[in-house]
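Please consult the sequence and the structure shown below while reading.

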Amino acid sequence: MSSQKLDKSTVNSIIKGNCIEEMRKLPKESVDMVFADPPYNLQLNGDLHRPNNSLVDAVDNDWDQFDSLKAYDQFTHDWLSAARDALTPDGSLWVIGSYHNIFRVGAILQDLGYWILNDVIWRKTNPMPNFRGRRFTNAHETLIWAAKSEKSKYRFNYNSMKALNEDLQMRSDWFIPLCTGGERLKNDEGQKAHPTQKPEALLYRTIMSSTNPGDVVLDPFFGTGTTGAVAKKLGRKYIGIEQEQEYIDVATRRLESIKQLGEGEILHTPAKREQPRIPFGQLIENGLLKPGTRLTDSRNRFEAKVGADGSLIAENGTRGSIHKLGASLQGAPSCNGWTFWHIHKGKDKMPIDTLRQKVIRDMAKDKLEASPVSSIVH
C-alpha cells in the first residue's frame, strides 16, 4: 500500500488540470494501479445517421481531436510516461481503447518499459449497430493490463476472480453490456453527461483483480468518476484527474452519494500463499485431531495414524510428515498432504485442510474481536 507517500488532500479527491502535468506533480512510485480511458482519437468523418435519419450522438468533443497521428502518439507517450513514474515498482496499469488507438498505445507502453500481462476483450452484449452496413459491427473494445516492468511483483487476486466467475478461471473475454439505463448519468438537460461512460462492472473486475483494499487507484481521465465510484465501494483509495469542470461536478455528486462496503474479508479473498502458516501439529494441540486418529486418502487406498508429535505412521511402520508420507506411499516426488489425507466421520470423510481452514477462521475472528474498532461495535 503506497498512500503514505501521498498528501492526505490528494487521496480520494479529483484534481482539475492537464493529466500529464498533474501526474508529474504526484510523488514518484505513490500509486498502486492506474486505470486509463484516454481519448480514442476516433477520426470520424462527417455525421452518422441511423436508418430513420436521426443523428447518432457520436464522440466529437474537442478533447478527442488531434491534428495528426504523430501528435496523438506524443500525447500517448507523455501520459504513459507520467503514469509509469507514479506507479509503485509492483504497480500495474489498465488502459482501454478501440481499433482506432489501442495498437498505438500498446506499442508505446512497451517502448516505455511496461510489461504486458494480458489483453482483455470487452465484448459488448448490446453494441451499437453498424448503420452504414459497410463494416462488421464493432462489438468489442480492448483492455491492456501491464505491469510497470518485467520485474514487477504485480498483484493478481486469482481466487477473487475465480469466485466471481462461479469457481471457474476467469477468461480474457468479458461479456458486459454498455452503460445504459439508470447507470447512464445525465446532465441537467437530460442528455448523457459523458459520451464514453464505462459500465461499473468493467471497473469492478479491473480493480478487484489487481488491487487490495486500501490501495490507491489513479485515473488520469476521470470523466464522470466511474473508477472512483467503484474504488470507493471496494474500499480502495482513488485519485482522479479531469480538466472539464462539467464532468468534475457530475463525478463529485456521484462520489458523495456512494457508501463503502464493509471491511476485512468482505472486500478481499486472500490467496492461499497469503494465509497464515498452520503446522499440522497445531491441529493436534487445538484438539481438532487426537493422536491415533485414522486418516486415509480420498479413495481409501492408503491409511495412516496420527502421531502425538504431528507425524503420520503408515500401516507398514513408515513415519513422516503429512506431505512426505503421502508422497512416499504414492511413489510421487511431492504431495499436498492437506488435500491428500482425509478424516472419517461416520460414513463421511473430509480433507484435513477443512480443519486447517477452521483454525485460520478462528484466528481471524480473534484478531477482529481484539481490534479497537470491533471493541467499540460490541
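The side chains of Lys198 and Asp37 form a salt bridge, with an N to O distance of 2.8 Å; the term denotes a side-chain nitrogen of Lys or Arg within 4 Å of a carboxyl oxygen of Asp or Glu. Lys198 belongs to the loop between β6 (173-176) and α5 (200-210), and Asp37 to the loop between β2 (31-36) and α2 (69-86), so the pair ties together parts that are 161 residues apart in sequence. Lys198 counts as buried at 7% relative accessibility, and Asp37 counts as buried at 15%. Here buried means under 20% relative accessible area, exposed means over 50%, and partly exposed lies in between (1.4 Å probe, protein chains only). Helices (H or I, at least four residues) and strands (E, at least two) are DSSP runs, numbered from the N terminus.

The model is predicted: local features need pLDDT of at least 70, side-chain atom pairs count only at pLDDT 80 or more, and totals for chains, interfaces and linings use all residues. Residues are numbered from 1 along each chain as its sequence is written, and side-chain values use heavy atoms, with hydrogens and water left out.

## Further salt bridges

Side chains of opposite charge can pair when their charged atoms come close. The count for this model comes to 14 salt bridges. One of them joins the side chains of Lys124 and Glu141 (2.9 Å, N to O). Lys124 lies in strand β4 (residues 115-124) and Glu141 in strand β5 (residues 140-147), so this pair ties together parts that are 17 residues apart in sequence. Both residues, Lys124 and Glu141, are buried.

Within helix α11 (residues 353-370), Asp353 and Arg356 stand three residues apart, about one turn of the helix. Their side chains meet in a salt bridge at 2.6 Å, N to O, and both Asp353 and Arg356 are buried.

## An enclosed helix

How many of the eight residues of helix α6 are buried? Six are, so α6 (residues 226-233) is largely enclosed by the rest of the structure. The buried residues are Thr226, Thr227, Gly228, Ala229, Val230 and Ala231. These residues pack against β2, α5, β7 (216-219), β8 (237-242) and α7 (245-256), where contact means heavy atoms within 4.5 Å. After α6 comes Gly235, which has a positive phi near 75°.

## An open sheet and the helix across it

Six strands form an open sheet in the order β12-β11-β10-β9-β13-β14, with antiparallel pairing. Its edge strands, β12 (319-320) and β14 (348-351), each pair on one side only. Two strands pair if DSSP finds at least two bridges between them. Strands β9 (residues 294-296) and β10 (residues 303-306) pair in the antiparallel sense over three bridges, and Thr296 has Glu303 in β10 as its bridge partner.

Helix α9 (residues 322-330) lies across β10, β11 (312-314) and β12, and runs at about 20° to β11. Axes are lines fitted to C-alpha atoms, for helices over the stretch in contact, and angles run from 0 to 180 degrees between N-to-C directions.

## A nonpolar patch

On the surface, Tyr154, Phe156 and Tyr158 form a nonpolar patch, with about 260 Å² of accessible area together. Tyr158 is found in helix α4 (residues 158-164) and is partly exposed, with a relative accessible area of 33%. Patches are made of residues with over 30% relative accessible area and no salt bridge: like charges are joined within 9 Å, nonpolar side chains (Val, Leu, Ile, Met, Phe, Trp, Tyr) within 5 Å. Accessible areas come from the Shrake-Rupley method with a 1.4 Å probe; for residues, only the protein chains shown count as cover.
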